[in-house]
Amino acid sequence: MKPITLSMQAFGPYAGVQTLDFTELGHRTFFLIHGPTGSGKTTILDAMCFALYGDTSGAERDGKQMRSHHADITLPTEIAFDFAIGSDYYRLRRSPEQERPRVRGGGTTTVKAEATLWKRTGITSQEDGLVLQTGWSKVTEAVEKLLGFRSSQFRQVVMLPQGEFRKLLIADSRDRQSILETLFRTEYYSQIEDALKEAAKAVHKKLEEVSAQKRWVLQEAKASSDEQLQARYAADKEQLTTIAAEIAAAQRVVAEAQQKLTAGQLAKDRLDEQRLAHSALAEVEGRTSEINALRPQLAKAKQAAGLLEAEASLTARNNEVSHALQYLHEKNERASVAGEGKQAADRGLAMVTAKEPEREEARRQVTRLEEMTDKVAALISAGRAEKDLAQAVLQAERRASEAKDRLACLQGNIEAKTTSRDKALEQAAHAARLEGEAKQAAQASGKRQALEQARKELQLAEQQLLSARQSAEATEISFQQAQHELSLMQTAWHEGQAAIMAKHLTTGRPCPVCGSMEHPCRATSAATLPSEADLKAKQQALHKLEAVKEQKRASLSEANTLAKTTANRVHDLAVELGEQADIHLQSIMRIAQEAQQAWALAKQAVQTGPALNAELDALREEEKAARKEVELSGNALQAQSGALAAARATWMEREVQVPAHLRDQAALSREQRVAKEQKERLIAELEQAKAAADASAQALATAQSAAIEADSALVTAKQRAAQEEHSFRERLLAAGFSALEEYKAAKRPPKEIQSMESAMQDFGDKQNAARERVARATANAQGLVEPDIVQLEVACKNAQAKKDLLLTQSAELQSRMKQEDSWIKNLAALSAEFAGLEARYAVLGQVSDVANGKNQFGMTFQRFVLGALLDEVTSAATKRLQMMSRGRYHLQRTMDRARRNAAGGLDLEVFDNYTGIARAVTTLSGGETFLASLSLALGLADVVQKYSGGIHLDTIFVDEGFGTLDPESLDFAIRALLDLQKGGRLVGIISHVPELKEWIDARLEVRTTDRGSTASFVLS
């Protein structure tokens, strides 16, 4: 990317329209952006970064905060940027969200952020060109694709703002990894790490599952191993063969016992049947006398059954006489009651007829009340009108009062808003100063917190160092003691072996050690002879102590390194803070917080000032409307009060014409209803009395006629009953009954006669059947002897029980063998699967561990790739740093780790050729740090361009840092930047160092005025 023109409008300190044409540089590719502090040098880089990505070069402010305080409110904030990428040309225009004056009326309105990207390749006129993208985020995405960088990467390799390019140099290993990941896009290597880890984790999980399944199968089988389970299966199989032979023998014994039991039960059943047949016959023949007595009773009952119909007819005629007599009695009583009713109805009619004057008064009352209806309606209408007007007056009074209150409230709001506006303007005037104070206080607070944390870490590191030293010394003492004990044990063992050998020496036989035939002084040992196992155990214990000793030494070395590193960091932070290093942390944090709050209030005041003015204008307009509302509401109240007085007079006039208790429509209706009901009741009472007199006369005549008819019916019923009784007595004598009592004694119900006949028939049938059963049972039991059934059942039951037990054992054994066979097959399959998984995990697990940093360097696959890239960066950076430092320093990557559990491979150090010692980059001075940071940033730019295909690094900007260099170092730094011009790269540096004006012939001079800053190119 190479800039062509940059136009800033109401942006930062540039109040108007400031256009910078970089083509004025001509063939020059190295220029200085120069001007006093705070004039707006960095704002030029902010404008470029804002146009491309929508944020500033330091990524600390957004576009809304970059609005110029000097700009006229009618001038919008906007950046237009023309740039080239290779042979293609583009134009960008961005404007942030901002407050703009309303087109109509007063006040402001919020305008949304806008962004547009055009392609201008081949266009020579001032037209914008072909639109590639619109919209804030979409334009940013398009720029990232064109440049190949995101905003954070752009600030690392193209635009190096104040303090930003130091990050890569002084960052810890983890932060440096994050930066390099973003620049070189090595996320794919991280994905490979994750894929390997997940694959290994899946295989390991499957291994654990298979192992758990094997343990579960063995646990379920209650076996300690596969071999034990197989041996148990073979033993069960052999036992099953033995049980099968025993079951066949038991089945034969059960069959014989069942045959004997069946024969015995048959003989017993036949003998029992013979006894039961004789007993049943005796029982039947015992009822013979009872059956013989029943025969004459049955004959008499059948004779009496022939007279039942005649008896029923006689009873019916007697019942008719009784009913006729009762009917006559009832009709006589009704005739008597009807006569009494006739007399009462006549008396009632006479009393009602006498009430004619009362009925006439009721008619007149109804007429009077109906005439009051119109008067009451008029009164109610007048009362309603009076109430409506009274309510209207109340509402008018309330509106007038509310209008006055609203006016008073608006006047109070105007006064309060005016005070707030004046206060906001006063706060806004100090916004720039408070911003600087807040940033300085925040920076001091952050460093003081870092110092506090570093001091705590130093205290902990020193404690760990002391603990590690004590632990190492104790381990060394234990190791020496174990060495001494092993030496003594070995000596005792050798002496004991010699003594044992000496016991077996005999004169005349050679010594197996020296070969002598004589043995004048044989070896002896008073110490206890240690065993070979004791020696081996002691040696193993010594080896373990030696390993622990080496581990303690390593821990001591790590603790010592950590303590020194932490102490250096504490010292550096204390030097940077100066006197503030000894001020209490809470005090510094409180000061930073107060400064931040003051700045926040000032920023808010800057933003709220125009809004408060607009609100004041709106409130004043509302005040005018409120005054008019007060006037209108007062006029309306006066008109409503006059109408109320007239309506009240009309209502009082009509009220006099209506009695008090009838002035309500409901009361009048109620009185009218009562009067009508009274009139209708009296008329109905007369009609009812007349109807009752007529009805009672008719009822008396009807009752007398019915009594005469009932008397005639009674005479007829008595005659028919006498004739029926004579006929029944003649038939009774003909049937053989001398008296009515004899007939009643012989009479039986039909069901009882049928039952007697059935009993006699049943007796005969049972007697014949019992005799036949006795004959049959006697023939079947001929020659049989009573068997011992109990003994036969016991024998059969025992045989069956033995067979069942054997069958149960066989079934249990078969079921167990089936389960054991299933377990054996399952274990075999699981073992085969486990072996395959184990072989796979042996390779995959190790590759995953190595790729994910489980190695002696704690380096992951991605970190290894980044390390190789960092080597190229440090190599490119060292070429420039050696020149800038006059051959003293070169950057290099170190594999050492600050902590044992920290990832390694991306830490940087500088090799000092003066001392011949490599040391941490944090030990460099301020000027040396700037040179190293600049070298690293330039080297990084070279390597990023090398690996990022299609990316054109045609421009680089460096913001400040040169003021920390001595003249010679400044000269070397400028030479290194001049080297970047090879290949046509445009280099711009921001500095207020006076010497640079003499060395660099092309300058972009920034000047300050009381109405903002201006900038222009100056060429020597």
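1. Let's start with a single side chain: phenylalanine 31 counts as buried, because its relative accessibility is 0%. Keep in mind that this is a predicted model. We'll come back to phenylalanine 31 in point 4.

2. Now for the aromatic pairs. With ring centres required to lie within 6.5 Å, the count comes to nine aromatic pairs. One of them joins phenylalanine 11 and phenylalanine 50, with 5.7 Å from centre to centre and 35 degrees between the planes, and this pair is tilted. Where do phenylalanine 11 and phenylalanine 50 sit in the chain? Phenylalanine 11 belongs to strand β1 (residues 2–11) and phenylalanine 50 to helix α1 (residues 41–53), so the pair links distant parts of the chain, 39 residues apart.

3. Phenylalanine 31 is in strand β3 (residues 30–34) and phenylalanine 957 in strand β14 (residues 955–959), so the pair ties together parts 926 residues apart in sequence. Phenylalanine 957 counts as buried because its relative accessibility is 1%.

4. Which residues form one aromatic cluster with Phe31 and Phe957? Phe22 and Phe1017 do, along with those two.

5. The charged end of arginine 94 sits over the ring of tryptophan 136, at 4.7 Å from the ring's centre. For lysine 214, the charged end sits over the ring of phenylalanine 834, with 5.7 Å to the centre.

6. Last, have a look at two helices. Helix α6 (residues 187–221) packs against helix α19 (residues 861–884) at an angle of about 150 degrees, and their axes are 8 Å apart. That angle is why α6 is roughly antiparallel to α19; the cut-off for that label is over 145 degrees.

7. Which residues meet where α6 and α19 touch? From α6 come Glu187, Tyr189, Ser190, Ile192 and Glu193, and from α19 come Phe861, Gln862, Arg863 and Val865. Sorted by class, this contact of α6 with α19 has four nonpolar, two polar and three charged residues.

Notes: Residues numbered from 1 in each chain as written. Predicted model: local features only at pLDDT ≥ 70, side-chain atom pairs only at ≥ 80, totals over all residues. Heavy atoms only, no water. Phe/Tyr/Trp six-rings, centres within 6.5 Å; stacked < 30°, edge-to-face > 60°. Helix = DSSP H or I, 4+ residues; strand = E, 2+ residues; numbered from the N terminus. Buried < 20%, exposed > 50% of the residue type's maximum accessible area, 1.4 Å probe, protein only. Lys NZ or Arg CZ within 6 Å of the ring centre and 35° of its normal. Axes fitted to C-alpha atoms, helices over the stretch in contact; angles between N-to-C directions. Parallel < 35°, antiparallel > 145°, perpendicular 65-115°, else oblique. Contact = heavy atoms within 4.5 Å. Nonpolar A, V, L, I, M, F, W, Y, C, P; charged D, E, K, R; others polar.
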